[in-house]
Amino acid sequence: MGKLTPEIIERAKSWLSDKYDAETRKQVQELIDNNPDELLESFYKNLEFGTGGLRGIMGVGTNRMNTYTVAMATQGFANYIKMMFPNVEQPKIAIAHDCRNNSKEFAKTTADVMSANGIKVYLFNALRPTPELSFAIRELECNAGVVVTASHNPKEYNGYKAYWNDGGQLVSPHDKNVIAEVEKITDISMVNFTPDESLIEYLDERFDDIYIDKILELSLSPELIQKHNNLKFVYTPIHGTGGQIIPRLFKKAGFNNIECVEEQMIVDGNFPTVVSPNPEEKAALTMAIEKAKKVNADVVLATDPDADRVGIAVRDNNGEFVLLNGNQTAALLTYYILGRWNESGKFTGKEYIVKTIVTTELLFDIANKYNLKKFDVLTGFKFIADTILNNPDMTFVCGGEESYGFLIGDFVRDKDANSACFIIAEIAAWAAEQNKSLYQILKEIYKEFGFYKEGLISLTKKGISGTEEIKNMMHKFRNEPPTHILGSKIVVIKDYKIGISKNIITGDESKIDLPESDVLQFFTEDGTKISVRPSGTEPKIKFYFGIKSELNNIDDFDTINNQLNDKLNELGKLFSE
């Protein structure tokens, strides 16, 4: 990162001017006088507005999330909106925020700057889920949207996600173009700070009802909900936004037994009951599972702070709660939704599903049963939204990613844990009608399509040397690819950087019709898939493993499961060396 230079000190001192409020000036002076390390961290660069917006640690300084960095980003975004909609007399934007510390203030700052630039603002009056913001953009015919959230990051962080008029996060060319406009705002004096309150309209619970009603329209077995309405669910929003929607949604759907983890229904950006507010991590569901055991619940549901990711726990054959990973949850949802669509005669030949390239191939196997079109996209839900946008003559049924995100229907254009929770509950009712559990349904999926198992390891390589090491690893994988993995021959290599898929057996090559991305994939004869991907935001290289075995008899589940776990461990060791 470097040393504390005179330039950095001068940059910090510029924040002592009366352009900044008294408390900010006080904190900056404190850093200058007493904390050179934090001064360096806070001012050595500008907080980068990336393709997804802003994300960083909160605090004073150019490299921190604060009112001023948010305002400058917003001014750049406002300029781009006005540039792109020159014939719209008054562009419109929807703005929401999550439970994090300072989220409400940052959302109001965003609304103030947008209104100061003559843009009509729909601002949610309290915290709301990210997917509801996406829904609001299209429902209110907005030109753009912003949600202030750092998703499931630690409590020190906050973020700013930018959306376009389709309700999806910014993609090319808008992402790069907005970045260019934001970078032009080089001084706080360039920001229009004086709000036009007449242009700010507040959205309340009445808008929630519109969103909830749209989710309820996704129901494929409403009669089974009524028949099995006493199924017991335990739900936690992990101190976040899902608590605003999911209890109301379940009640309106007809589910009578949803018990919330009261301690985690309390809105708190410090997330006092968890180490990390991430439903991908087992510890985040500890309190919910404990409650589920006490009240004898059937299913545990958890959403992250901005309610776009869902984690679930179900009872196994011994009545113990088992956590499902994102791939398993996506498989359950896809299996049920496509099966019910088929039984209801809803398929016309124009339907499709979408997954990301690192997500389980099981979703495509299920889609093949119904001859559905399938799209594989790069990692990131914005690419699923972009696929929906670019296929207006077809019907998006559902889509998901391994990192606990799923979307049903297209009225939201981002992953939506609210609708996912609702349909998971409906699947539980459908399973109950057959005297089965969700765990038994998952086993039946494996028996029909193959027992898929996935794993992920991340190797952290810090500093300049770490960055170079990751580059060298990718270079070696490209130029000296393995011929076998755990004794199984590699048959296909996909290189998303050059956009080529090569069949190693025949030598045939085909084009990958996706944007360039530094990702490699190796497919072996035995159905193993290895994806190698450097992180775009952290000093890490990630290895995604997908393996498969036949499950000819459900009674063999535990045996096969253990064998697959052993293989995942072997793969982990192989790629950690």
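## Second largest pocket

A pocket is an open set of grid points with protein on both sides within 12 Å along at least five of seven lines, and its lining residues have an atom within 4 Å of a point. In this predicted model, the second largest pocket is lined by 22 residues. Those lying nearest its centre are N46, T62, M72, I185 and T186. Two or more lining residues come from each of the helices α4 (67–84) and α7 (174–183).

The volume of the second largest pocket is about 460 Å³. By residue class, its lining holds 11 nonpolar, six polar and five charged residues.

## Helices α8 and α10

Two packed helices are described by the angle between their axes and the distance between the axes. For helix α8 (residues 205–216) and helix α10 (residues 246–253), the axes come within 10 Å and cross at roughly 55°. α8 is therefore oblique to α10. The crossing of the two helices is right-handed.

On the α8 side, the contact is made by E205, D208, D209, I212, D213, I215 and L216, which meet R248, L249, K252 and A253 of α10. The residues of this contact divide into six charged, five nonpolar and no polar.

## Backbone geometry in two loops

Most residues other than glycine have a negative phi, and most peptide bonds are trans. The bond from S172 to P173 is cis, with omega near 5°. P173 sits in the loop between β5 (157–164) and α7.

S151, a residue other than glycine, has a positive phi, near 50°. The loop between β4 (144–148) and β5 contains S151.

Conventions
Residues numbered from 1 in each chain as written. Predicted model: local features only at pLDDT ≥ 70, side-chain atom pairs only at ≥ 80, totals over all residues. Heavy atoms only, no water. 1 Å grid on protein atoms, 1.4 Å probe; cavity = no way out; pocket = protein on both sides within 12 Å on 5 of 7 lines; lining within 4 Å. Points joined across faces, edges and corners; volume = space filled by probe spheres on them. Helix = DSSP H or I, 4+ residues; strand = E, 2+ residues; numbered from the N terminus. Nonpolar A, V, L, I, M, F, W, Y, C, P; charged D, E, K, R; others polar. Axes fitted to C-alpha atoms, helices over the stretch in contact; angles between N-to-C directions. Parallel < 35°, antiparallel > 145°, perpendicular 65-115°, else oblique. Left-handed = near helix turned anticlockwise from the far one by under 90°. Contact = heavy atoms within 4.5 Å.
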